[in-house]
Structure formats: structure tokens, C-alpha cells
Amino acid sequence: MDKLKAKFPEKFLWGASSSAFQIEGGWAEGGKGPTVADVNSFKRSHLQADSKVASDFFHHWPEDIALMKEMGLNLYRFSIAWARIMPDGDGEINQAGIDFYNNVINCLLEHGIQPFITLYHFDLPHALVEKYNGWESRECVKAFERYAKVCFEAFGDRVSSWQVHNEQNLMVRVNERVNITTEDSWEADRQRAQMDYHMFLAHALAVKACHSIIPEGKIGPAVSSTCTYPESNQPEDVWAAKLNDWFKTDYCLDMHYYGCYPGYYMRYLEERNIVPIMMPEDEGILKDAKMDFIAVNYYRTLCVSYLPADDKHPVGERAFPINQVDFDQYGYFHHLKNEHLASSEYGAQIDPLGLRTVLNNYYQKYHLPLIVTENGLGTADTLTEDGKVHDDYRIDYLKAHILACSQAIEDGVEMMGYSPWSFMDLLSSHEGFKKRYGFVYINREDHDLKDMSRIKKDSFYWYKRVIETNGEEL
Ligand code: BG6
């Protein structure tokens, strides 16, 4: 890495992030309905913590926000649980849910912290799955539009910054997150394509509603960013790396920006015979929705080699060659370990320069302001006998990525802020509380709630200083 000194604009937003089902707990309290995220977490309760208590923000929020204030945050990115606002997804509005988020928002503002709200972070109300198979139905789009409007009307007098879906591009590839249960791979891809399309439509409608209800409203998507390296300079490997980025992330940003699928993506949908059902009025809705920024979630880079099409693969059942698109979660191509990079305990390849690349790519292509809303190191932490957590490994990771943001700014990228994952330890999707990301340690284990006390890690004090010096002291 070269020796640029970190430097940030005066109004740069220093934040920290979280999501409802991963921190709140109180899963059936205050009138909240069950969500897809709850149901999935219960299936793994025997292996790890579930969403019933999580970090218990539902009962600890005043204390947690006081810690945010102490750390000096000027932004807190969190999500609203749709099923707290509408327990069955599209019916009665639950006033207790509105009250809960009003309290949180007001407390943040009293402490000088700007709320930055995600409307939907993996926690679709389960009732919508029971009624319509969730996003497969256009009814779900209507339900989301209504939910978004309720939130803008309830909170828009105090909250101007909004994200629509968290990582639609990643979520739609993970069957359990969108409740795809069929074992027939073509049918799974058909449902996925329809769901994805409906989420794009819902996104566009939410953008439009935000702009009409909140005069100063700013809204955009949070994407799971992808930066893929080819294993070699063999043209096929380079092509495979490009396709991996296009099919995992870029098609999604293009769809948000231009309101239509890029050609290579449309070709895939047609060849796989899974073009979603679209209505004539959709084109206008999709093209009119102008996002105000792009939120980037970034953890690691990938490395791929070209995977030759399998001749034995039955033509017809899967006519599209397997080396180009395979919508399984991780397997479009042959994924490899990049020997030039260190890996986290859980296999993420740590690569700050990849963040600089991603920020430059997105800014050069769309010329919209960017904000990082997730970036962090998930690993086990040790609570020492004197009640401390010495997480210098996390500090090293964050320091290098903050420097990458500063370098991207020097490259000319317009950046609004940096909000790493996560403010406090939370329920990680597959490792519960074994894998921790927070600045604040939550004193619990997967199957032992202990005292749920909040303990400031070394990274807490370090980040506080970063904020105080506007990033000059890393
Ligand atoms: C992001 C999600 O993709 O990755 C978060 O938006 C998630 O919800 C984060 O927690 C880290 O992934 P994991 O699997 O370690 O929890």
C-alpha cells in the first residue's frame, strides 16, 4: 500500500451499522410478527444463538445509544423490522412498533447522531411467505410500497437518509433468505428471477415515495460489492472474473440506475427461459426512480478461474453453460484462494485495495455519492479476566480499509461516510455469537445468556479517536 496520509472532508460521516433481526431480540414482543429471518434462525437454534434475544437491543437501547454517543458516532445505520410495523406484512399497523422506533430515533437525535435507516434487511414478514410465497408475488411489491410509505410518513420528519433493501443482490441468491424451497434447480432460478424483479420494482416505488413524502429525503440501495480477480492472465480467466462481478453485483446497480437489465443479464434470463413476468407500466416506474447515492457493503475480494462447460451436463435442463452462470450461492465459477492475501478465521480474503477499486469502479460508472455501510472483521474475541477485549486484529483491518477510503477520495471519489459492521456484537448468519464484529462486546454465548452486559473493546477507544480526529489519527 502506498503512503498517502488519511484525509477526509469536513462533513464526513463516521458511523457504525447493525440490522434489526441481528440485534433487537424481543422477537415476539411489542406486537411484532415472525419473519423469515426468525424462522431460519430457529432452524439452527440447536447449533447457535437465534434471533429471540440476539443482542437484546429491544431492552437495552438507551444504554446502547449512550455508548454510541460516547464513541462519538455522527451516524447510526440500522434497520426497521417490517414485521414490527406491520406484523403480518400488509395488514394492521402496529402502533407499538412505531413507538419503539420513534423512541430510538429521538434518542439518537438528542445525542447528535443521524439515523440512517434500512427498510428491509433480510427479515420479510413470514405471513407474506404464507400468503403469497413472498417476493414471487406482485402482492409483496404492493405490501412493501405501503410499508415504506408508512415509515416515511411516521419518521420522515426527522429521518432524511434511507436505504431500501440490504444487499438484494446477495439475498436473492441465498434460497433460505427468500424462502425458495424447491429442489428443482430450474424452478428455483425461475422463482429467484421473478423475486429479484419484484424487489427491483419495490425499490423503485420506495425511491419515488421517499422523494414525494420527504422533501429532503435521500435514498439508495445497499449492495454487496464484488471485486473478483482472475487466477491468471489467460483471457478466459479474466472473462470469468468479469462475469462474476457482473452477475453478482453490477447487473443490480445497472438495473437500479438505468431501470432495465444489461444485455448480458437479459441474455441469461432468456437462455435459461426464466424472464420474469413484467407489466407494461413497470418500465416507467423503474426508469423514473432516481437513487441519490450508492451504499457499499464490502468485506473481501474473490479469485476465480474459468470453469469449462461440462459436456455431460444435460442440455435443455440447464442449457446455459455452467461456466457462465450457475445461480448457486457461491458457484458461478471455480473459486480459488488468492495466495497473495491473508484470510480471516472464516476464510474471507482481506484486501483493503479491493475496497479502493470497488469505490472507484462504482463512482466512475454512476457518478453518485458513495457511503460504506458495512465493512468489518468477523472473528472470535476473548474477554480477558480483567474484563477487556484486546482486538488489535480488528483495529488493523479497519485501519487499512479506512485508509483505502481516504485513497479513493484522493482518486476523486465522492464519499459521504464510512459506517463499519458492526456497532455491537450481533447474531452472525451462520456462526451466531462465535463470530463477532462489534466495537462493543455483548457478554453472552450462543447458548448462555450470561449477563448481556456491554463491554467496550479496544477497537471502541481506537475508533473514538479516529472520529475525534476526522480520520487523521488512524
Ligand atoms: C452482510 C449482511 O452481507 O454480511 C449482514 O448484510 C451480515 O447482515 C454480514 O451479518 C456478515 O456476514 P455473517 O455471515 O458473518 O453474519
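Visitor: Is F116 buried or exposed?

Guide: F116 is buried, with a relative accessible area of 1%. Keep in mind that this is a predicted model.

Visitor: Which ring does F116 pair with?

Guide: F116 forms an aromatic pair with F293. The centres are 5.7 Å apart, and the planes make an angle of 45 degrees, so the pair is classed as tilted.

Visitor: Where do F116 and F293 lie?

Guide: F116 is in strand β3, residues 114–120, while F293 is in the loop between α13 (282–288) and β7 (294–297). The pair therefore ties together parts that are 177 residues apart in sequence.

Visitor: And F293, buried or exposed?

Guide: F293 is buried, with a relative accessible area of 1%.

Visitor: How many aromatic pairs does a search of the whole structure find?

Guide: The search turns up 37 aromatic pairs. One of them is F8 with F12, a tilted pair at 4.6 Å centre to centre and 45 degrees between the planes.

Visitor: What's the relative accessible area of F8, and of F12?

Guide: F8 has 10%, which means it counts as buried. F12 is buried too, at 3%.

Visitor: Which residues form the aromatic cluster?

Guide: One cluster is made up of F200, W239, W246, F247, Y251, Y261, Y264, Y265 and Y268.

Visitor: Switching to the ligand. Which residues come nearest?

Guide: There are 13 residues around the ligand, and Q22, E167, S429, K435 and Y437 come nearest.

Visitor: What's that shell like by class?

Guide: The shell has five nonpolar residues, five polar ones and three charged ones.

Visitor: What share of the ligand's accessible area does the protein cover?

Guide: The protein covers 88% of it, where the ligand on its own has 380 Å² of accessible area.

Visitor: OK, K32 next. Where is it?

Guide: K32 is in the loop between α1 (20–23) and α2 (36–43).

Visitor: Is K32 buried or exposed?

Guide: K32 is buried, with a relative accessible area of 11%. Its side chain makes a polar contact with the side chain of D38 at 2.8 Å. The K32 side chain also reaches the backbone oxygen of W27, at 3.0 Å.

Visitor: What about R44, where does that lie?

Guide: R44 is found in the loop between α2 and α3 (57–71). R44 is buried, with a relative accessible area of 17%. Its C-alpha atom is separated by 34 Å from that of F155, 111 residues apart along the chain.

Visitor: Last topic, sheets. What is the strand order in the open sheet of three strands?

Guide: The order is β6-β8-β9, and the pairing is mixed.

Visitor: Why is one side of β6 and of β9 left without a neighbour in the sheet?

Guide: Because β6 (228–230) and β9 (334–335) stand at the edges, each with a single partner strand.

Visitor: How many bridges join β8 to β9?

Guide: Two bridges join them, and β8 (residues 302–305) runs antiparallel to β9. Across from V304 you'll find H335 in β9.

How values were computed
Residues are numbered from 1 along each chain as its sequence is written. This is a predicted model: local features need pLDDT of at least 70, side-chain atom pairs count only at pLDDT 80 or more; totals for chains, interfaces and linings use all residues. Side-chain values use heavy atoms; hydrogens and water are left out. A residue is near a molecule or strand if one of its heavy atoms lies within 4 Å of it. Accessible areas come from the Shrake-Rupley method with a 1.4 Å probe; for residues, only the protein chains shown count as cover. Ala, Val, Leu, Ile, Met, Phe, Trp, Tyr, Cys and Pro count as nonpolar, Asp, Glu, Lys and Arg as charged, and the others, Gly among them, as polar. Two strands pair if DSSP finds at least two bridges between them. Helices (H or I, at least four residues) and strands (E, at least two) are DSSP runs, numbered from the N terminus. Rings of Phe, Tyr and Trp (its six-membered ring) pair if their centres lie within 6.5 Å; planes under 30 degrees apart count as stacked, over 60 as edge-to-face and the rest as tilted. Buried means under 20% relative accessible area, exposed over 50%, partly exposed in between (1.4 Å probe, protein chains only). A polar contact is a pair of N or O atoms within 3.5 Å; within protein, one must be able to donate a hydrogen and the other to accept it, and residues adjacent in sequence count only if both atoms are side-chain atoms.
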